[in-house]
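Hello,

Here is the structure we talked about handing over. My notes follow below it.

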Amino acid sequence: SNQINRMFSGGENSELLERASSLGVKYYQMSFVDIFGVQRSKLVPASRADEMVGAGGAGFAGFAVHLKMSPTQGDLLAKPDMSTLKVLPWNREVAWLACDLYWCEKEFIASPRNTLRRVLSKLKQNYGLDLKVGIECEFALINRSGDGLADAFDTQKKSCYDAHALMRQYDLITNIVQAIDELGFGPYQCDHEDANGQFEINFDFDHALTTADNIIFFKYLVRSLAEQYGLRATFMPKFSSQLTGNGCHAHLSLHDAESGDNIVSSNEINKNEPSLSAQASQFLAGILDQSPALSAIACPTINSYKRIYASSTISGATWSPNVISWGGNNRTLMCRIPDDKRFEIRLADMACNQYLYPAALCAAGIHGLDNNLSLPLAAPDGCNMYDPHDDQARAIRTIAPTLPRNLRSALDNLDSSIPLRKYLTDDLVDAFLHLQKQHCDDFDSHISPWELEKYLDV
């Protein structure tokens with residue numbers, strides 16, 4: 001259409017051609033993720049990129065992916081964001097671009113990336129704040145068939161930081177680190193995590209949208225490089241009933257949009273609980289208030305709740321919360337305040353949509369700011385929420401709400417959340433609920449090995 005053509009006119013098409021020439025790129029991979037967080041893309045020859053731009057973007061049939069569209073509706077157009085351009089480290093003839101989705105000459109409301117941009121804009125417009133995010137990315141290396149770990153010698157019960165297990169995967173792990181370092185992610189440490197076969201790679205925090213783009217690409221990169229080593233990388237929340245699951249711990253900080261100053265701390269000394277600024281306190285209170293609804297987006301699979309409500313693992317801890325709690329530098333809480341610059345939300349797993357999750361956190365935070373919400377009582381220092389015999393933890397559990405026990409319960413909470421519907425939009429929430437309830441129905445229709453074992457001779 002003429003309107004979209006004008007939006008694409010001039011800069012983008014000439015820049016695509018110039019960048020392709022300077023980088024030696026033969027193809028552009030136009031990419032977006034659907035509501036389930038599945039990455040979708042098309043390859044566009046660099047020589048034809050100007051035609052794609054002139055047509056308004058790369059065309060996709062929305063019904064073919066998880067976006068709750070009808071086959072009678074026309075094409076979605078994926079408009080590339082040039083700031084996200086990344087040459088694939090494993091195939092330098094291809095450059096990847098994150099795209100925003102348009103439909104009928106307007107932004108597509110139920111697009112996860114569009115949703116995140118929209119909510120971040122509200123935070124900036126209404127409160128003059130920017131949200132920055134850092135994610136701890138956990139994944140496991142398994143064999144190609146998916147029925148065993150990649151490393152048969154990785155068997156320690158307390159396997160966290162296992163030096164030998166880390167170094168046996170040295171080539172792959174350092175290949176990943178080098179790749180994201182060259183892309184400007186700023187990796188600063190990597191380790192063997194709590195579960196056998198599990199690893200974590202940390203890189204610098206950034207603006208929430210930049211971090212989301214980077215995590216989407218990181219998952220793509222890790223899977224692709226693992227395949228080159230004859231392995232398979234899984235981000236499944238609970239890939240073994242005996243092992244710790246793949247968490248997605250999010251470190252959030254609020255910044256003045258003009259100065260860039262971090263405004264999380266109140267700079268006051270409080271012996272009873274972490275000292276947060278009024279805005280940071282209200283933002284976090286909104287997240288805690290909406291946690292039952294947030295769970296549907298943070299923990300979006302049937303499998304997710306086997307991580308949240310896991311019994312103790314081989315290592316002795318699940319490292320995942322099931323009580324809505326907060327306090328100081330305490331990893332047994334849902335939210336910990338490790339220092340005066342950030343707060344960590346330990347709710348999500350790595351199956352979450354990396355655009356929708358920060359969008360939902362931001363929406364809940366805005367809800368807290370809108371309503372001047374106050375934080376509940378902080379958990380005392382040393383309170384161990386994993387210990388059923390800890391008196392302090394038992395006291396917190398008597399007053400603090402718990403997280404939903406399963407995905408259907410989480411979806412019901414999201415359905416009834418007025419604040420999340422307000423900022424994520426009814427279009428997005430209703431599409432998410434529709435697709436997830438179909439997902440639950442599909443699961444319910446299958447007979448599991450557990451059922452056969454328990455009921456075959458009933």
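A crossing is called left-handed if the near helix is turned anticlockwise from the far one by less than a right angle, and right-handed if clockwise. The model is predicted: local features need pLDDT of at least 70, side-chain atom pairs count only at pLDDT 80 or more, and totals for chains, interfaces and linings use all residues. Residues are numbered from 1 along each chain as its sequence is written, and side-chain values use heavy atoms, with hydrogens and water left out.

Helix pair. H8 (residues 278-289) crosses H11 (residues 356-370) in a right-handed sense; helices are DSSP runs of H or I, at least four residues, numbered from the N terminus. Their axes (lines fitted to C-alpha atoms over the stretch in contact) are 6 Å apart, at an angle of about 120° (N-to-C directions, 0 to 180 degrees). Contact, meaning heavy atoms within 4.5 Å, involves Phe283 and Ile287 of H8 and Leu361 and Ile366 of H11, among others.

Loop residue. Glutamine 169 sits in the loop between helix H5 (163-168) and helix H6 (170-182). Its relative accessible area is 10%, so glutamine 169 is buried (under 20%; 1.4 Å probe, protein chains only).

Regards

Notes: Helices (H or I, at least four residues) and strands (E, at least two) are DSSP runs, numbered from the N terminus. Buried means under 20% relative accessible area, exposed over 50%, partly exposed in between (1.4 Å probe, protein chains only).
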